[in-house]
4 protein chains.
Amino acid sequence: MKPSRSFASDNNAGVHPEIMAAIGAANDGHVIAYGDDPYTARAVKLFRQHLGRDVEVFFAFGGTGANVLGLKAATQSHQAIICAATAHINVDECGAPEKFTGCKLLDVPTPDGKLRVAQLKPLLHEVGFEHHVQPRVISVSQATEMGTVYTPSELKALASFAQENNLLLHVDGARIANAAASLKVKLKAITRDAGVDILSFGGAKNGMMYGEAVVFFDASLARDFKYTRKQGAQLPSKMRFISAQFAALLDNELWHRNALHANDMAQRLARELAKLPQLTITQRVESNGVFAIVPKRYIPLLQQKYFFYVWNEETSEARFMTSFDTTADDIASFVALVKRIVK
Amino acid sequence: MKPSRSFASDNNAGVHPEIMAAIGAANDGHVIAYGDDPYTARAVKLFRQHLGRDVEVFFAFGGTGANVLGLKAATQSHQAIICAATAHINVDECGAPEKFTGCKLLDVPTPDGKLRVAQLKPLLHEVGFEHHVQPRVISVSQATEMGTVYTPSELKALASFAQENNLLLHVDGARIANAAASLKVKLKAITRDAGVDILSFGGAKNGMMYGEAVVFFDASLARDFKYTRKQGAQLPSKMRFISAQFAALLDNELWHRNALHANDMAQRLARELAKLPQLTITQRVESNGVFAIVPKRYIPLLQQKYFFYVWNEETSEARFMTSFDTTADDIASFVALVKRIVK
Amino acid sequence: MKPSRSFASDNNAGVHPEIMAAIGAANDGHVIAYGDDPYTARAVKLFRQHLGRDVEVFFAFGGTGANVLGLKAATQSHQAIICAATAHINVDECGAPEKFTGCKLLDVPTPDGKLRVAQLKPLLHEVGFEHHVQPRVISVSQATEMGTVYTPSELKALASFAQENNLLLHVDGARIANAAASLKVKLKAITRDAGVDILSFGGAKNGMMYGEAVVFFDASLARDFKYTRKQGAQLPSKMRFISAQFAALLDNELWHRNALHANDMAQRLARELAKLPQLTITQRVESNGVFAIVPKRYIPLLQQKYFFYVWNEETSEARFMTSFDTTADDIASFVALVKRIVK
Amino acid sequence: MKPSRSFASDNNAGVHPEIMAAIGAANDGHVIAYGDDPYTARAVKLFRQHLGRDVEVFFAFGGTGANVLGLKAATQSHQAIICAATAHINVDECGAPEKFTGCKLLDVPTPDGKLRVAQLKPLLHEVGFEHHVQPRVISVSQATEMGTVYTPSELKALASFAQENNLLLHVDGARIANAAASLKVKLKAITRDAGVDILSFGGAKNGMMYGEAVVFFDASLARDFKYTRKQGAQLPSKMRFISAQFAALLDNELWHRNALHANDMAQRLARELAKLPQLTITQRVESNGVFAIVPKRYIPLLQQKYFFYVWNEETSEARFMTSFDTTADDIASFVALVKRIVK
């Protein structure tokens with residue numbers, strides 16, 4: 001029998017009980033649809049407490065939606081979006097950013113999923129030349145798809161470069177909570193205080209059922225956003241059920257508890273796997289993902305019992321994700337299995 | 001104090017308790033994300049029981065999403081989508097169909113929201129002429145935005161015309177359940193058996209929290225749809241929570257009970273309002289909406305207590321929607337208020 | 001044998017000899033491609049003499065291109081473009097405006113191809129409502145597709161309305177020269193002085209081989225236009241050959257001579273046809289087109305000798321276009337044939 | 001004084017006299033617009049003589065237009081177009097392919113602008129996975145932007161790979177004539193006979209004023225293309241003037257004479273530059289471009305007299321293009337200047 005929890009993805013987990021309770025509590029009579037309701041007002045207020053009094057916040061159905069809407073708000077179709085080659089927007093959204101914004105993505109290879117300023121400079125050589133797309137946005141994932149995390153000072157360096165070059169800094173924060181928990185900082189330290197312009201704030205990977213927020217730190221970028229969201233088919237009618245989830249997540253530090261727990265479980269898993277000479281951890285474990293080269297012959301044996309993805313077929317690198325509901329027992333059982341198999 | 005339920009829209013209602021229970025029951029351990037899970041398999045199976053063994057079913061976040069995805073699957077950008085001028089896709093989706101499909105909408109004025117074959121013929125005069133967009137889809141709303149309903153034979157007439165002219169018949173079924181309940185027919189009678197090609201099957205307006213289905217009656221149209229859905233940012237990661245809702249809706253006739261109740265409440269409301277000489281009912285009440293001309297001076301007085309929308313400012317026509325949770329008491333209290341005010 | 005000139009369209013004519021000579025003269029050695037050449041500098045200078053010292057001018061390949069680029073420069077995809085139902089952008093560009101801008105076109109029925117302010121007001125009822133596209137541009141054709149012409153004061157009324165409502169006034173000037181010649185005014189009087197914001201200035205229908213100009217009367221709208229033009233595949237590499245044509249057209253009043261002649265020929269044709277009781281002229285003849293109801297049985301007989309289009313199959317209304325090279329003999333021969341046939 | 005011809009680009013040249021004569025000859029009376037004319041019929045016939053009796057041929061205004069239209073005909077928006085990182089469609093069309101097709105471009109680094117089959121295989125790892133764009137087209141430039149040329153067998157290898165993997169082979173043939181002349185083969189040998197599916201056939205870089213052809217070797221791909229062309233704003237009204245140019249180019253081997261001459265001039269230039277130890281030729285000279293590293297200090301001195309572009313700022317690599325009108329004297333004068341400067 002398969003265990004009830006695996007390591008395939010943090011979106012294989014269900015919904016945190018506190019969030020489920022908040023959903024239930026919001027199911028009370030009629031409220032106006034599309035966000036003009038008290039649940040949404042409260043959630044927005046909580047976002048402002050965490051991220052800054054003047055941020056503009058809009059909820060959307062999902063992560064791809066939040067990313068493409070935020071990028072659309074920042075771009076004209078002849079512009080370009082710079083991102084790491086491994087970015088979710090570059091490889092895992094089936095071309096949604098190109099389709100919805102019309103922009104080209106300029107993807108930069110990195111060893112660890114993190115963009116550096118030095119890599120960006122050559123992309124600005126042809127600014128003003130009409131034959132070339134014009135860079136407008138730097139988009140980073142925080143935490144990255146490789147489980148690594150940008151420090152506040154790394155983000156500030158990107159933001160400064162952006163500002164100097166008339167670019168905007170966009171953060172795909174599907175795992176922003178994991179990043180903040182890992183860095184032991186508040187959410188504001190890696191967003192507003194670091195110079196971020198637009199943020200996709202993830203809910204589903206941190207214990208919500210569905211729902212993502214697009215946060216603008218410069219209100220002028222949000223001027224037409226309500227139309228962009230509706231035209232992008234990301235305006236939920238029964239908005240209160242997303243808002244109630246976000247309120248539960250941001251209140252009472254649930255966002256932090258969930259993320260910290262998932263991160264801790266990843267640390268624990270990495271520590272154990274690192275002891276096995278047959279496996280090689282390939283990335284720093286800074287959030288809730290562990291990347292490791294697992295000899296090819298072991299993989300099907302492990303996958304008989306646990307879901308997880310092979311990240312790189314060529315190198316036989318596997319990805320193991322933990323989530324808010326991963327238990328120490330889950331790690332122990334899985335590690336025990338790995339040990340049995342690799343021996 | 002405002003009453004807890006109003007008549008603004010069926011999406012101002014919350015979630016039906018049976019659906020809420022199904023969501024809770026689905027929150028059990030890990031399952032694979034994006035639809036490869038047993039909840040989704042079961043929901044698809046139920047759809048096939050209702051609509052035909054060979055239909056292809058895909059779940060999406062919302063109604064606008066379901067519409068634009070289904071239309072994209074059926075069109076090339078140089079083609080046109082024929083619809084009533086009042087169609088949701090024409091007026092209430094902020095241009096999402098044009099943006100996502102690239103197509104022009106050819107909108108046809110109607111007295112009651114319903115397209116007739118005779119209106120469509122002139123639109124085919126220029127087929128083959130490269131300067132003109134080429135009609136490809138007839139899109140109807142069932143029930144319509146005016147609360148009216150296409151009979152099976154009206155749909156069949158449109159489907160025959162479509163087939164003869166190499167067009168497809170698309171149904172925006174945000175209120176398909178209300179239509180079926182009104183007609184006292186099975187869902188199949190107004191979809192598969194009537195010759196419909198593509199259906200947006202609505203959940204949120206009939207007691208679900210969120211979630212809409214795109215149903216293809218011709219599987220060849222669905223061949224690339226999984227990519228279209230992902231690129232359209234409508235692929236939910238924790239799919240099981242939509243699937244569980246649909247399963248609850250389709251099982252045990254909940255879809256029918258909810259719709260029938262909402263329809264009955266609309267009938268009751270219309271009967272009462274029709275008795276008042278100051279008001280004029282403007283549309284046949286065939287689903288869960290009542291349209292009535294309410295003299296302008298009464299409207300703010302009514303809106304102090306009840307949410308509802310003025311549909312047409314010029315004629316002072318108001319729209320009153322009922323939903324699965326509208327009670328006979330709600331109707332009675334509202335009607336009592338109307339009577340007090342108009343006297 | 002068919003005569004060498006017909007009445008099908010002004011783009012069935014060839015190239016005026018002065019323009020052909022200018023093309024030949026520009027074929028001299030190398031110049032930098034894409035517009036950084038002396039021919040283009042001279043043409044832009046001439047445009048500024050005619051339309052205002054501070055206009056921004058960009059050349060494009062064709063009329064549809066010029067229209068969609070100009071509209072793209074003025075809009076975001078959630079906005080709407082208001083136009084007459086007969087507008088070229090609405091019916092004769094195969095959906096290019098929708099595809100390239102993402103916008104919806106709000107088309108207004110008119111008896112004569114001309115928009116009036118009173119028709120526009122109801123379209124602004126829902127400004128600010130996120131479910132509806134937001135009107136941003138009023139686009140008029142000058143001369144219209146029905147051969148009629150907006151007077152300067154009619155344009156000013158539209159421009160004032162536009163300004164009051166945060167809209168822009170776009171002119172599809174495929175036949176702007178015919179309109180100015182008809183009104184006996186300078187080009188500036190029906191563009192800059194009338195409050196026009198963006199103009200497609202037509203070349204091909206007035207004696208050029210190819211080439212159209214997009215003129216911005218507010219330079220801020222043109223800021224990113226060079227990229228829009230390139231991304232829209234409308235940046236000619238050997239630009240000088242368009243520029244030389246425009247210089248020939250604008251210099252020495254050729255634009256006016258050609259347009260005036262075409263208009264005069266249309267007047268002559270209309271006068272003669274009006275004498276025949278079997279035919280009914282349906283539109284005022286204010287530019288180079290004549291619309292007339294011609295009994296159905298005569299049409300094939302006429303088309304054996306002359307190309308022309310039936311504009312409206314239902315009413316048997318035909319369109320006869322004259323061009324810079326139409327001769328008085330052409331009119332006389334055609335009228336003689338009509339007389340022979342209708343007797 | 002600057003010489004009248006430079007080495008900046010083959011589109012800095014004017015129009016070949018035989019083509020200019022053909023344009024003049026086509027300026028005779030009226031013909032139907034948009035391609036239903038005898039000039040177009042003749043040009044299409046000539047294309048079929050060169051490329052195959054059953055090819056479908058459509059003329060467009062320009063090269064970017066031809067590329068994006070051809071790619072649109074072959075793709076759905078969730079698909080991907082594989083190309084060399086240096087491809088014109090990837091770097092020099094301001095994102096037009098992404099904007100018009102909605103597709104992502106998957107760009108592959110190459111040393112010489114040429115794709116190899118081995119590079120393509122890893123891009124097919126995720127076929128069928130809905131989160132990833134789905135490769136559909138391999139697009140190659142022939143000759144490449146680096147002046148190199150695919151041999152017929154190299155093209156066949158790509159075509160076989162394409163066929164085996166349900167991909168199409170697209171050729172950006174802005175310089176297809178130079179490639180054929182270089183390989184000493186007929187046009188058919190590197191298109192139809194090599195398994196090409198779609199070809200942009202260039203005119204402007206080989207002596208035409210404007211005009212490009214999109215050629216389909218599989219007619220089923222062209223089924224809706226007339227609409228795509230119109231919606232793409234690439235349908236010339238006075239088509240005959242493009243058609244007459246293509247007829248002149250394809251008749252009497254002008255295409256070959258022009259290309260061969262340009263290639264010969266490039267060879268001559270490369271031979272001379274190769275003798276100078278201060279310069280390094282960086283690419284094989286297989287068409288009409290010469291790439292050479294020129295020490296940075298010499299470049300402004302050369303550019304005082306001759307236009308040319310620095311291809312790579314970092315390596316100080318310059319690009320010198322020859323054209324149909326480059327003379328042996330032009331080469332000699334330029335080389336003499338280079339010698340004076342580098343000494």
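Modeller: Together, chain B and chain A bury about 4200 Å² (accessible area, 1.4 Å probe, lost on being put together and summed over both), and 57% of that lies on carbon and sulfur atoms. On the chain B side, His30(B), Lys99(B) and Lys238(B) provide 19% of the area buried against chain A, more than any other three residues. This is a predicted model, where local features need pLDDT of at least 70 and side-chain atom pairs count only at pLDDT 80 or more, while totals for chains, interfaces and linings use all residues. Residues are numbered from 1 along each chain as its sequence is written, chains are lettered from A in the order in which they are written, and side-chain values use heavy atoms, without hydrogens or water.

Now count who takes part: 49 residues of chain B and 49 residues of chain A are in contact (heavy atoms within 4.5 Å). Between these two chains there are 0 salt bridges (Lys or Arg side-chain nitrogen within 4 Å of an Asp or Glu carboxyl oxygen). Polar contacts (N or O atoms within 3.5 Å, one able to donate a hydrogen and the other to accept it) join 32 residue pairs across chain B and chain A, both partners at pLDDT 80 or more.

Sorted by class, the side of chain B that touches chain A holds 21 nonpolar, 18 polar and 10 charged residues, with Gly counted as polar and Tyr as nonpolar.

Definitions and conventions: Buried area is the accessible area (1.4 Å probe) that two parts lose on being put together, summed over both. A polar contact is a pair of N or O atoms within 3.5 Å; within protein, one must be able to donate a hydrogen and the other to accept it, and residues adjacent in sequence count only if both atoms are side-chain atoms.
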